[in-house]
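Hi,

My notes follow below it.

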Amino acid sequence: MLSPVNISMESLNLMTLAPMLIPIIGALLILVIDLFKSGQDKSLYVMISLLVLGIDFAALLDSAGIFTQNGTVMGVFDVMLIDGLAILSQFIIVAASMLFIPLALTHKRFHEFSYPEFFALFLFMIAGFQFMVATDNLILIFVGLETASLALYTLIAMHNRDKSFEAAVKYFTMGALAAGFFSFGSMVFYALTGSVEINQIASVLSANNFADIGFVLVGVVFLLASFGFKLSMVPFHTWTPDVYEGSSAALAGYMSIVPKIAAFVVAMRLFEFLIHSGIVWLEVVLYIGVVLTMTMANIWALVQTDVKRMLAYSSISHAGFVMAAILIGTTQSNSALFLYWILFSFTNLGSFSMLWISRQKNLPAHQNSDHSYDKFAGMVKTSPVAASIMALFMLSLAGLPPFALFWGKLYMISAAITGGYTVLALIMALNSAIAGYYYLKLIVYMFMKEPLVGNDGHVYVSNATLPLKTIIGFAAIGTIFAFLTLNPLLEFVTSFVYNSGY
């Protein structure tokens, strides 16, 4: 006869679930409000979403305090893991989401933003990403990944424009392949070690001195392919620019930041113990992947005629640049990853938001696409403030001092040199120089060509409202004055990374 199992609530440590449950409760609240009183103004759902994310951020601050006092905390049958990586990545996820949500408050009632389901799905997606980063259990990572991905496919399709359904189907196909590869890779590691927890897998593999190296490599190949799709690494990036093009500019900017930081953290947990174990094959493949992703994405960005597609390839290149941190595998490089992505969040979300406020429903005859370079020609004459802000974001993305991303690139390259990857550091510096060309190309169009869109400049700010201007202003301030907060931010990030054992 089975004896009853006694589990104390205290041992479950349910507080580790709080940051994930808050957005889930918020999403259910939005659905219940719509159920009982439909047709509410979208600004109500924007405010509820912001309030929920604010409470989530406060819960994360509380988790950060617990981690500072007690170190790594486990909870819910040791499935939840609250360490420095989980807290830092959740800060980025929630803060970037709080910057994204007010972009719904445009002049026009855009199709997807008029649905309460949009905001509910958005909050479910955030909870999925938070589950991904706050565990080292491969099953929960998979559940978080699929929860976030399924919500994101729907958000893309809800844009309801010519290319939106195509983008959603392509992203779904990429996501399905990634999920399949992740499942198979996880199965291989479970078969080898009898565990689905990354720490346990690392302990068992190192204890038997990687005796089954052939099977380990098979598992690694599948997991690498899975994260190749999620991080848009070459050659798995193929449909990523199409997905960005079919999404709204605001959602494309969001996708370039939040899903990738979640994938970076999981990749860091999975691959760094393998790199430190001396598996040369993995190091070589990662090295080639990082260099190809940086370089090829830059080359493709050079020949784009659409600013949105250029920024899509630019985002792929930045992801390759940051993936180098996982290859290097030192505390400095891991800290550089978080620093870079925090600075990148301001700049890239600002860039895509500038496209969002200039969105047109009906294209003039001379424009092939909504965000063609020709549209921005002579922008300084018709809308000088908007042109100056867009130029600021381009200069930051190019890595020019003293703007935000210069410091991120500098610290990442110095981490590569310190870690003994001098050739990689040179390749990273060369790629930054190549990228400067296509960012400056847009500035040349804005400042040195004659305008083609008329003289009122209204097209560049046709959707600008006070909330949108505030978000872009916040992104611009973060981009310009990042150097003032660099030291305290770096100390904060490094202490969390170091205390997590990375």
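How many salt bridges does the structure hold? Five, where a salt bridge is a side-chain nitrogen of Lys or Arg within 4 Å of a carboxyl oxygen of Asp or Glu.

First, the ground rules. This is a predicted model, with local features needing pLDDT of at least 70, side-chain atom pairs counting only at pLDDT 80 or more, and totals for chains, interfaces and linings using all residues. Residues are numbered from 1 along each chain as its sequence is written, and side-chain values use heavy atoms, without hydrogens and water.

Confidence: mean pLDDT (the predictor's confidence in each residue, from 0 to 100) is 86. 92% of residues reach 70 or more.

D83 pairs with R269 in a salt bridge, closest N and O atoms 2.9 Å apart. D83 sits in the loop between strand 2 and helix 4, and R269 in helix 12, so the pair ties together parts 186 residues apart in sequence. (Helices are DSSP runs of H or I, at least four residues; strands are E, at least two; both are numbered from the N terminus.) D83 is buried at 3% relative accessibility. Buried means under 20% relative accessible area, exposed over 50%, partly exposed in between (1.4 Å probe, protein chains only). R269 is buried too, at 3%.

Next, a network: salt bridges link E166, K170, D242, E245 and R309. E166 and K170 come to 2.7 Å at their closest N and O atoms. They are four residues apart in helix 7, about one helical turn. E166 is partly exposed at 40%, whereas K170 is buried at 14%.

Best wishes
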